[in-house]
Amino acid sequence: MALINVAAREIHCKIVYYGPGMGGKTSNLQYIHSAVPKEVKGDLLSIATETERTLFFDFLPLDLGKVRGFQTRFHLYTVPGQVLYERTRVAVLNGADGVVFVADSQKHKLEENIKSLKELAQNVTKMNKNFREFPLVLQYNKADLPNRLPAQRLDDFLNPPALGLNWQRYEAVATRGDGVFDTLKAISRLVISRL
Amino acid sequence: MDPQLTSVIVPSAEVAQIEECLAHLVEDTQGNHALLLDKSGQVIASQGDSSRQDVTALGALIAGTFASSREVAKLLREKDFRMLFQQGVRENIFIALIEDQWILCIIFNKGTHIGLVKVLTKKATDELSAVLERVRQQHKTRDDVLGSSFRTSMEDTIDLLFRD
């Protein structure tokens, strides 16, 4: 949950990038880190395995400067996507104000996406939050690959109109930055609207 | 803590009391630094060595450690581990949970006995617990604190900074 420190005039919000393994969560943070102005970003901290897979989380603090007299900070985290780290994902998700679900658009990843989104719903519910009302933005990453599913097809499974959730969704190629800031803007606005 | 509550607003008076309590803890233990975090890793207050530049990252990592230990506790059918101790060659960290929602952390060097840290942290935890209960009980709304035009200004800032 967001923290408003009246004495220091600071606001802190936590945004978590969630999704299946190798989907591009870390790439999102790496691109943001490379592209935002120097005065906005802190160090990108990664707790990864020797093979560069996320073990615990990546962490990127962003300082948006003073807004109406309040120093506003967004803390971005990724979770480890590999199935084996479910408990770790719960730990990182703790206290999140909003989630970006990074789906892998490739055909053979559809099932993993669905499983991961279901797990997210369960974990948010375990935090005593209403998942239907929880700030969430979808990102369909790897939209440049030839074996990807079209966004409308992914919607049928991940954002079905029948559920009426109508999450905002963005197609992305995180490694080169396409759609990364659109996604970040969308989740930031959503989180701010719920402060 | 109301789990559906979206923001925690910590008023100035309470921040001052929290800082005073942390300063006492640092002084009495001859520690190097004390931090109060919420469980998501946000730093609410910090006292001690003012040259410390890495407080934000420290907050995120300590909260991560605690959240991870809570999951370990569950596997052992414990509710949680209330305290954690990490021992280094030069510095040690003692971490205590307050009311399931907040984390108190003290960094001290080998000149201070862990027993003293434990006793004084327990005292500080009790004091902070009362202050944090008042934080929980207060009913200021976001608009009371931030003003109603905050959201529009924030959206403008987001558009300005988050772009290629």
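Trainee: How many helices and strands does chain B have?

Mentor: This is a predicted model. Chain B has five helices and six strands. Along the sequence they follow the pattern β-α-β-β-α-β-β-β-α-α-α. The C-alpha trace of chain B spans about 50 × 40 × 35 Å along its principal axes.

Trainee: What share of the residues of chain B count as buried?

Mentor: Of its 164 residues, 48%.

Trainee: How do I read the size of an interface?

Mentor: The size is often given as the accessible area lost when the parts come together. Here, chain B and chain A bury about 4500 Å² between them, with 63% of it on carbon and sulfur atoms. On the side of chain B, Q42(B), L161(B) and F162(B) lose the most area to chain A, together 16% of what that side buries.

Trainee: How many residues are in contact across the two chains?

Mentor: There are 47 residues of chain B in contact with 51 residues of chain A. Polar contacts between the chains come to twelve residue pairs, both residues being at pLDDT 80 or more. The elements of chain B that give two or more residues to this side include β1 (7-10), α1 (12-29) and α2 (55-75). The largest share, twelve residues, comes from α2(B). By class, the side has 22 nonpolar, 14 polar and eleven charged residues.

Trainee: How many salt bridges are there between chain B and chain A?

Mentor: Three. In one salt bridge, the side chains of E71(B) and R87(A) meet at 3.0 Å, N to O.

Trainee: Which residues touch the most other members of the largest nonpolar core?

Mentor: That core has 40 residues, and the ones to look for are I32(A), L62(A), F74(A), L76(A) and F162(B). Helix α5 (residues 180-193) of chain A gives the largest share, eight residues. A second, separate core of 31 residues includes A96(A), F101(A), L117(A) and L154(A).

Trainee: What is F162(B) in contact with?

Mentor: Leaving aside neighbours within four places in sequence, F162(B) is in contact with V36(A), L62(A), L64(A), F74(A), F181(A), L184(A), K185(A) and S188(A).

Trainee: How do I read the buried side of a helix?

Mentor: An α-helix has 3.6 residues a turn, so residues three or four places apart point the same way. Take helix α1 (residues 25-35) of chain A: its buried residues are K25(A), S27(A), N28(A), L29(A), Y31(A) and I32(A).

Trainee: What covers the buried residues of α1(A)?

Mentor: The cover includes β2 (10-18), β4 (54-67), β5 (70-78), β6 (98-104), β7 (136-141) and α5 of chain A.

Note on methods: Residues are numbered from 1 along each chain as its sequence is written. Chains are lettered from A and ligands numbered from 1 in the order in which they are written. This is a predicted model: local features need pLDDT of at least 70, side-chain atom pairs count only at pLDDT 80 or more; totals for chains, interfaces and linings use all residues. Side-chain values use heavy atoms; hydrogens and water are left out. A nonpolar core is a set of buried Ala, Val, Leu, Ile, Met, Phe, Trp, Tyr and Cys residues joined through side-chain atoms within 4.5 Å. Buried means under 20% relative accessible area, exposed over 50%, partly exposed in between (1.4 Å probe, protein chains only). Helices (H or I, at least four residues) and strands (E, at least two) are DSSP runs, numbered from the N terminus. Contact means heavy atoms within 4.5 Å. Buried area is the accessible area (1.4 Å probe) that two parts lose on being put together, summed over both. A salt bridge is a side-chain nitrogen of Lys or Arg within 4 Å of a carboxyl oxygen of Asp or Glu. A polar contact is a pair of N or O atoms within 3.5 Å; within protein, one must be able to donate a hydrogen and the other to accept it, and residues adjacent in sequence count only if both atoms are side-chain atoms. Ala, Val, Leu, Ile, Met, Phe, Trp, Tyr, Cys and Pro count as nonpolar, Asp, Glu, Lys and Arg as charged, and the others, Gly among them, as polar.
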